[in-house]
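Here is a short briefing to read with the model open beside you.

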Amino acid sequence: VWILSVAAAVALAYLLLPRPYPGDVVLKTSMCVLLALAAFRGNLKLFALALLFSAAGDAFLAYDGQRLFVPGLASFLVTHILYAVVFVLATKDTAIAVSAGRKAMLAVIPLFAVAYSAVLWPNLGALAIPVVLYIAAIVVMAMLSLRVRAIEVPLGAVLFMVSDSLISLGKFLWQAPWVGPMVWITYALAQLMITR
């Protein structure tokens with residue numbers, strides 16, 4: 001619990017401190033490194049590895065988000081694949097009653113992804129295939145999260161989708177001052193909730 005608390009404090013500090021400043025990349029990556037430490041202490045090694053790939057993605061995007069966008073995308077792609085595997089392994093021997101809300105999300109998640117992809121497509125250019133592959137991976141991850149009993153996991157997965165949707169909004173469609181902070185808020189909450 002104390003590691004989660006420190007990770008949340010680090011995430012808040014990154015949100016509030018004006019950037020750029022020396023060490024901002026380290027501060028940004030610290031949240032997921034701390035969460036990976038908590039996962040490792042809980043003997044969740046595959047989940048810890050997924051969080052370390054998230055930390056790598058954070059580092060790429062914080063250091064030079066324009067030039068290192070593709071390595072950042074690749075790092076988070078691996079994260080989503082590992083999360084999907086973790087969710088399957090965690091639920092293979094436990095069946096839960098699927099609530100109406102979870103059933104609705106099974107339809108809403110892919111429908112949103114398809115509609116948003118169609119909006120993004122004309123603006124993706126050379127990144128079209130990598131972005132679509134990434135969207136497919138995060139959709140699979142989010143849908144598999146619905147198998148997990150703890151409600152924080154699917155809520156966190158959906159917040160991860162929201163965060164990534166905001167990133168693509170700012171990169172490919174429309175920029176606004178509030179987008180950057182909301183990307184970090186939804187992303188930090190997603191990682192904290194899934195880990196919790």
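A residue counts as buried when its relative accessible area is under 20%. Ala-39, with 3% relative accessibility, is therefore buried. Please keep in mind that this is a predicted model.

**Ala-39 in helix H2**

- Ala-39 belongs to helix H2, and its relative accessibility of 3% places it among the buried residues.
- Which residues does Ala-39 contact, leaving aside its neighbours within four places in sequence? They are Leu-44, Phe-47, Ala-48 and Leu-51.
- Ala-39 and Ala-137 are 98 residues apart in sequence, and their C-alpha atoms lie 22 Å apart in space.

**How H1 packs on H8**

- Helix H1 (residues 2-16) packs with helix H8 (residues 179-195) at an angle of about 175 degrees, and their axes are 10 Å apart.
- Angles over 145 degrees count as roughly antiparallel, so H1 is roughly antiparallel to H8.
- On the H1 side, the contact is made by Leu-4, Ala-7, Ala-8, Ala-11, Tyr-14 and Leu-15.
- Their partners in H8 are Pro-181, Trp-184, Ile-185, Ala-188, Leu-192 and Thr-195.
- By residue class, the contact of H1 with H8 has eleven nonpolar residues, one polar residue and no charged ones.

- Gln-191 sits in helix H8 and is buried, with a relative accessible area of 0%.
- Not counting residues up to four places away in sequence, Gln-191 touches Met-31, Cys-32, Leu-35, Leu-51, Ser-54, Tyr-83 and Phe-160.
- Ser-163 is part of helix H7 (residues 152-173), and its relative accessibility is 1%, so Ser-163 counts as buried.
- Beyond its neighbours within four places in sequence, Ser-163 is in contact with Val-183, Thr-186 and Tyr-187.

**Aromatic rings**

- How many aromatic pairs does the structure hold? There are eleven.
- One of these pairs joins Phe-112 and Tyr-116, which are stacked at 5.4 Å centre to centre, with 15 degrees between the planes.
- Phe-112 and Tyr-116 both belong to helix H5 (residues 100-120) and are four residues apart, about one turn of the helix.

**A lysine over two rings**

- Lys-171 lies over the face of Phe-69, at 4.5 Å from the ring centre.
- The charged end of Lys-171 also sits over the ring of Phe-172, 5.9 Å from its centre.

**Backbone details in the loops**

- Which peptide bond is cis, with omega near 0 degrees? It is the bond from Arg-19 to Pro-20.
- Pro-20 lies in the loop between H1 and helix H2 (24-41).
- Asn-43 has a phi near 65 degrees, a positive value in a residue other than glycine.
- Asn-43 lies in the loop between H2 and helix H3 (45-64), and is exposed, with a relative accessible area of 57%.

**Two partly exposed helix residues**

- Asp-64 is found in helix H3 and is partly exposed, with a relative accessible area of 25%.
- The C-alpha atoms of Asp-64 and Leu-37 are 26 Å apart, and the two residues are 27 apart in sequence.
- Val-140 belongs to helix H6 (residues 128-145) and is partly exposed, at 44% relative accessible area.
- Val-140 and Thr-195 are 55 residues apart along the chain, and 18 Å separates their C-alpha atoms.

Definitions and conventions
Residues are numbered from 1 along each chain as its sequence is written. This is a predicted model: local features need pLDDT of at least 70, side-chain atom pairs count only at pLDDT 80 or more; totals for chains, interfaces and linings use all residues. Side-chain values use heavy atoms; hydrogens and water are left out. Buried means under 20% relative accessible area, exposed over 50%, partly exposed in between (1.4 Å probe, protein chains only). Axes are lines fitted to C-alpha atoms, for helices over the stretch in contact, and angles run from 0 to 180 degrees between N-to-C directions. Angles under 35 degrees count as roughly parallel, over 145 as roughly antiparallel, 65 to 115 as roughly perpendicular and the rest as oblique. Contact means heavy atoms within 4.5 Å. Ala, Val, Leu, Ile, Met, Phe, Trp, Tyr, Cys and Pro count as nonpolar, Asp, Glu, Lys and Arg as charged, and the others, Gly among them, as polar. Rings of Phe, Tyr and Trp (its six-membered ring) pair if their centres lie within 6.5 Å; planes under 30 degrees apart count as stacked, over 60 as edge-to-face and the rest as tilted. A charge sits over a ring if NZ of Lys or CZ of Arg is within 6 Å of the ring centre and within 35 degrees of the ring normal.
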